[in-house]
Amino acid sequence: MSERAFFIDYSRCIGCKACVHACAECDTHRGRSMIHLETIERRDTVQTAPQVCMHCHDPICARVCPADAIKQMPDGVVQSSLKPRCIGCSNCVIACPFGVPKYYGEIDQMMKCDYCYDRTSAGKKPMCATVCPSEALVFTTREDIERRRRGRPVNQFHFGGEEVRTKVYVMVPETMDALDVRSIEPRTPGAHDDDVASLLEESE
Amino acid sequence: MARLPASIADLVERYGPRTNDAPPGGWSAPSTPDRLVKTHCCFCGQQCAIQLKVRDNHVIGFEPWEDFPFNHGGKLCPKGVNRYLQNHHPDRLTSPLARVEGEGFREIAWSDALDRVVAEIRRIQAAYGNDAFAILSGSSLTTEKAYLMGKFARVAVRTANIDYNGRLCMVSAAAASKKVFGIDRAANPWSDISKAEAVLVAGANIGECAPITTEYIWQSRENGAKLIVLDPRMTPIARSADCFIPVRPGGDIGVLNGMLHVMIERGWIDRSFIAERTHGWDAVEETVRKYTPEYAAKIAGVPAKLIVRAAEIWGPARTSFLLHARGIEHHSKGVENCLAALNLVLATGRIGREGCGYAMITGQGNGQGGREHGQKADQLPGARDIGNSDDRRHIADFWGIRENELPQKGLSYVEILEAAHEGRVKGILLICSNPLVSAPDHRFAREAIERLEFFGVIDFFLSETARHADVVLPGSLMEEDEGVTTNVEGRVILHQKAVDPPPGARVDWQIICDLAERLGAGDKFRFRSPRDIFEELRVASKGGIADYYGITWEKIIENHGVFWPCPTLDHPGTPRLYAEGRFGHADGKARFHAVEWRPAAEETDDDYPLVLTTGRVVAHYLSGTQSRRIGPLQGQTPQPYCEMHPKLAERLGVSDGDFVRVESRRGAITVRALVVRTIRPDTVFVPYHWPVDRAANNLTVRALDPVSRIPEYKVCAVRARKVPGPDDATATLRPEAGGLV
């Protein structure tokens, strides 16, 4: 059995925000939620998408930090900024391809998801992936995912010319072995897949 | 005299609702608990296992409980995550209150408050007869308390008129299950959902109202299952369904009978099962003959091809699971809707086996257990029938009263309000319910309450209804007491006590026993603990349909719950019903019921051209008395809204976020518009968790199902128009109190 890892399946998300609330219970950042729950376009769809820190193998946020405030642990977890070092410049906020770090003006510091380090380093699951009712977020072994899920977990992302590998996996269709933003087809203008009015039209 | 004793603004100022946003002492207070208490969420019928962190007699947080089978892994929805914030709450009532005209309430001593309630019960009953005093109870109580309320009404108050708020929730499902199978319980454990090849979800917004059930459905799809969803709105689970049918509110029988028509035509019917194990098929076959896809589609308001596609998924599947909830139950034909759905289960013979069956998704915390042991107008403990002479004799003997002293069937919930409106009911004692948010036709319900000569309320917060009380008795939260509930699967589970009630508040069962003592029935209410009550109800239920005799608290803890029926102490319980091939009726056979579609009580017309349907959101629980007081939940959805399609919005000249006034023949609300493509253009949706001028129930119709007496919350006729802003007095209150942001 391999070690447990973090898997995201956006198609399962029901937008309930249990993850957002549970994150605020984490002892390292009590009262402050570090996970983002994106509402894609509420007018058109109920689709939502949770976004935790992907914990890049080569974390861009840390590379661009002029104060060397963002540390990567030996197990690959990328921590929130260190308070004594963070200068609040927001370089990391701009650089992150996943839009994860956030600058908090009232404490003049960047904070972000730290993989629930207090929990995961003690053998527990991260809060969000523990409570998630739909298992859009799940912390389990690769074997368990392969046994129970269709699709394939990938941790390779292509953003234009840049390739990013991450500690966190995302479920994609079987046919894909990486997620390339260029391969995502733009929506046809005027087409609304989730439009109930168009479903009610009789024509095929 | 149950009119408001002061202005709403003054009452809100003193008693809330206001939100509690952080654990005791704030987020920087020590978060290490003295102990963890393994218990369950106090909210919906999923009853998720959770560990409460307790420090200095306060609940300070939670820790997931990972190995409980139902919400396996420690799953929780946002209500479960934040439930602990209702404890140690600034709005908590800690003294009995007496109404003071023009001022509000004054604190009074417990003995005075109890004496006053009993004196009023006696006075009203002496003047107007025993049944002029009614009890309204609720399904978020433990089963011990639900049993106690039924016994209290019949033995101590000696009134026929007790009913519970499950009448407003899912009683249509209960009635249909009893008619078809003879037993009112989900037929399967939830693990069967994931083993089904076809899953049909009829009128259940699972992602929001039963979030934990989502994973069971997603897992069925990972295993290759096809998902059919009937809903006027594209809900989070409908979004990726294999067949989403955006049915017109009230048109469900079109889809269900139409599916059966196609299945008969294509030969997807189990005729040997029907012959051997059921009655009544011929009438059903005859009835659905005319429900061709085209005919059915007109009723359902959807393209015929969707009905055919649904039949093509459901018909040939080897295993299947039906889930239904309020969307088909909250109708003046709610029972018929459920019967039509259950016909699809019976016609295929797919029940009583692994991956084959059905369930109604109970809404309230103890929606199942709260309707089994006698707080229902027509029922005695063990799901016995109050009209059946054997059942009456059995329970009267058990309680040590004469059978002729045991009242007959009483009025249902809304009928009790109607009787109060007409002056036939003069006094009510209410616990665990907030009808001035949750009852249909709000103005009528308020008038009914206002006409009472005496109104007593047991609650932990001053709910919108409790504001009208003559006497308020401060009761207890789930975490302050112990006792069992029965989850959505029929699994009896145990809530452990985490903390004591705050000084001044008391546990509900002691309040009831003290009232019984003062009413002269103390010898029948000598309980020293909830476990004493459980021991009595367990024996009372023996031999009944909902037989708890073999269930003990120790067994529940050891086995992560025990499914009823459990008739003997060495019985393991019954997770899957009907596995032995027998159904619950005396002859062991199930019953088909032929169902014809009929219109809703109030269809649209030129004056009121839109259908209003109401429901819940994930962040709130029922009338919102608790969830509107929990900061993170209230923050997630601070106020109701009127959801409408862009096509309708364009016609009305409304943009997203604009104020709209929604009016029916009974009342009006002003809320903001939420313009989305995920709803039918002929339908608007308003969630119902808010009070006063934001109450969706200002609009709803007081039409009841003739069998279940459930109100038609899911269909009424309204009109909507853009307005510059609200013109009501409560708009400036905090949103948790009914204001607008």
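In this predicted model, B:Ala619 lies in the loop that runs between strand E23 (610–615) and helix H22 of chain B.

- Leaving aside residues up to four places away in sequence, B:Ala619 touches B:Pro78, B:Ser627, B:Leu633, B:Gln636 and B:Thr637.
- B:Gly456 stands 163 residues from B:Ala619 along the chain, and the C-alpha atoms of the two are separated by 29 Å.

**Chain B as a whole**
- Chain B contains 23 helices and 28 strands.
- The radius of gyration of chain B is 24 Å, close to the 27 Å given by the globule rule for 741 residues, so chain B is as compact as a globular protein of that length.
- The C-alpha trace of chain B spans about 70 × 65 × 55 Å along its principal axes.
- Of the 741 residues in chain B, 66% are buried.
- Among contacts in chain B between residues at least 6 apart in sequence, 74% join residues at least 24 apart.

**The contact between chains A and B**
- Chain B contributes 44 residues to the contact, and chain A contributes 36 residues.
- On the side of chain B that touches chain A, the elements giving two or more residues include strand E3 (58–64), helix H7 (213–222) and helix H22 (631–636).
- H7(B) gives the most to this side, with four residues.
- The residues on this side of chain B comprise 23 nonpolar, 12 polar and nine charged.

How values were computed:
Residues numbered from 1 in each chain as written. Chains lettered and ligands numbered in written order. Predicted model: local features only at pLDDT ≥ 70, side-chain atom pairs only at ≥ 80, totals over all residues. Contact = placed C-beta atoms within 7 Å. Nonpolar A, V, L, I, M, F, W, Y, C, P; charged D, E, K, R; others polar. Rg over C-alpha atoms; globule rule 2.2 N^0.38 Å. Buried ≥ 20, exposed ≤ 12 C-beta atoms within 10 Å, placed from the backbone.
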